[in-house]
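Here is a short briefing to read with the structure open beside you. Take the topics in any order you like.

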Amino acid sequence: MSLNAYGLLRPLLFTIEPETAHNLTLKAMKAGVFPSCTPVKNEALKIELWGLKFPNPIGLSAGFDKNAEVIAPAFKLGFGFVEAGTVTPKPQEGNPKPRVFRDPTHEAVINAMGFPNDGMTVFKANLEQFLSRRHKAQGAVGINIGMNKTQDQPAKDYCALIKMLGPMADYLTINISSPNTPGLRDLQKREPLLELLSAIKDERQKSCGDHPPPILVKLAPDLEDAQQEELAGALLEAEIDGIILGNTTLARPENLPANFAARTGGLSGKPLTQRSTAIISNFYKLTKGQTPIIGVGGISNGRDAYDKIKAGASLVQLYTGLIFQGPAIASTINRELVELLRADGLNNIAQAIGVSVKL
Ligand SMILES: Cc1cc2nc3c(=O)[nH]c(=O)nc-3n(C[C@H](O)[C@H](O)[C@H](O)COP(=O)(O)O)c2cc1C
């Protein structure tokens, strides 16, 4: 579908309550009545990281496909990798509805979902179905894991998830940054984080045999400078494989309409673009470019993606941009990236990583 076609469909889709519209989209994707876009194939976009081959650096970020139901159709939209989840051990309903709100003027969303999902057993069955038919040329599949709302010993849930799903993951994301699960963000402190990561690494070693998936930690964009420093140090100490920066924000930029800004939950989309790029740049500096970063937050065009790569991201992801720009977004961004690289005289995105940061 072209962006123009989506421009016509969007007003209609936006008359539907956001979560209902999302569920309809998932149904259409599962039924195969959703458009596919010609993926952009270009040597300049290919990148290898953690021994995984990515056909392009644009990923679908967590939250869109919580139950691993639409991984194959997501690849058909031209994404280079897909992160499914957040999945929790037990199924849970999440917070009361309505819990997703759009602001089309600022291309922003606030969500207070609270990890509604069908639980790890259903997730596993869905993922197995995808993997049994997986096309070799397709990109990586990450699994984003989180704890149930009722769990007061986080390590138990993360380890149960790794035991069941770790062997199937190209990479694992430890989500400790969603703002809608009470206590989750408290794990973004040195001691609790090091303790959790030690348990997680032990479980990976036990459960994942000869092919342990890389472990990435997803952080909030709301961390103060001192917290960023503390966490970067802890992540280096724990020899973590990657960092995802970042999740939705609790901040509310002043220009948002008051009735939208007053909603409870995490804000995503365009108002987050600069903040997330700044935190990527800072973590790239703090980790001296040693720990690969996946940059996410308010990406809606090639320039946004390129800015995050130049700030230190090796890969990028998006979710909210897909809602406002439509299903052609990954292909459009990839085409724009090829042009941006060419204009800078670069042969491959790897050459652009971190170029705007002084180490
Ligand atoms: C409706 C919605 C649900 C989300 N659910 C999750 C989730 O389950 N796990 C997670 O790690 N991030 C989740 N996110 C956060 C996104 O993955 C992403 O980090 C954030 O929205 C910033 O990127 P964006 O501006 O491109 O959307 C969700 C975002 C939205 C809008």
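This is a predicted model: local features need pLDDT of at least 70, side-chain atom pairs count only at pLDDT 80 or more; totals for chains, interfaces and linings use all residues.

Eight strands close into a barrel with parallel pairing, and 27 residues surround a ligand. A few residues have a positive phi without being glycine, among them A68 and F115.

**The barrel**

- For a look at one pair, take β12 (residues 293-296) and β13 (residues 313-318), which run parallel and share four bridges.
- Within that pair, V296 sits opposite Q317 of β13.

- Strand β5 (residues 100-103) pairs with strand β6 (residues 108-111) in the antiparallel sense, over four bridges.
- F101 has I110 of β6 as its bridge partner.
- Four residues lie between the two strands of this hairpin, and E107 takes a positive phi near 50° there.
- β6 also pairs with β11, again in the antiparallel sense and over four bridges.
- On the β11 side, G266 is the bridge partner of N111.
- Which way do the residues of β11 point? G266 and S268 point one way, L267 and G269 point the other way, and all of them are buried.

**Around the ligand**

- The closest of the 27 surrounding residues are S61, G63, T86, S268 and T320.
- At least two residues of the shell come from each of β6, β11 (266-269) and α11 (320-325).
- How many residues of each class are in the shell? There are 10 nonpolar, 15 polar and two charged residues.
- S268, one of the closest residues to the ligand, belongs to β11 and points the same way from that strand as G266.

- Helix α2 (residues 18-31) has 14 residues and spans 20 Å from its first C-alpha to its last, close to the 20 Å expected at 1.5 Å a residue.
- Just after α2 comes G32, with a positive phi of about 75°.
- Helix α7 (residues 225-237) has 13 residues and reaches 18 Å from first C-alpha to last, close to the expected 18 Å at 1.5 Å a residue.
- Which residues of α7 are buried? They are L231, A232 and L235.
- These three lie on the same side of α7, because they cover an arc of only 105° around the axis.
- An α-helix has 3.6 residues a turn, so residues three or four places apart point the same way.
- On the face of α7 turned away from its buried side, you will find the exposed residues A226 and E237.

**A buried loop residue**

- V40 is in the loop between α2 and β1 (47-49).
- Is V40 buried or exposed? V40 is buried, because 21 other C-beta atoms lie within 10 Å and the cut-off for a buried residue is 20 or more.
- V40 and L77 are 37 residues apart along the chain, while their C-alpha atoms are separated by 10.0 Å.

**Backbone spots worth a look**

- As background, most residues other than glycine have a negative phi, and most peptide bonds are trans.
- G246 belongs to the loop between β10 (242-245) and α8 (258-261).
- A68 has a phi near 60°, a positive value in a residue other than glycine.
- You can find A68 in the loop between β3 (58-60) and α3 (71-76), and A68 counts as buried because there are 26 C-beta neighbours inside 10 Å.
- F115 has a positive phi too, near 55°, and is likewise a residue other than glycine.
- The place of F115 is in the loop between β6 and α4 (120-132), and F115 counts as buried with 24 C-beta neighbours inside 10 Å.

Conventions. Residues are numbered from 1 along each chain as its sequence is written. Two strands pair if DSSP finds at least two bridges between them. The expected span of a helix is 1.5 Å times one less than its number of residues. A residue is near a molecule or strand if its C-beta atom, placed from the backbone, lies within 6 Å of it. Ala, Val, Leu, Ile, Met, Phe, Trp, Tyr, Cys and Pro count as nonpolar, Asp, Glu, Lys and Arg as charged, and the others, Gly among them, as polar. A residue is buried if 20 or more other C-beta atoms lie within 10 Å of its own, exposed if 12 or fewer, and partly exposed in between; C-beta atoms are placed from the backbone. The arc is that of the directions from the helix axis to the C-beta atoms.
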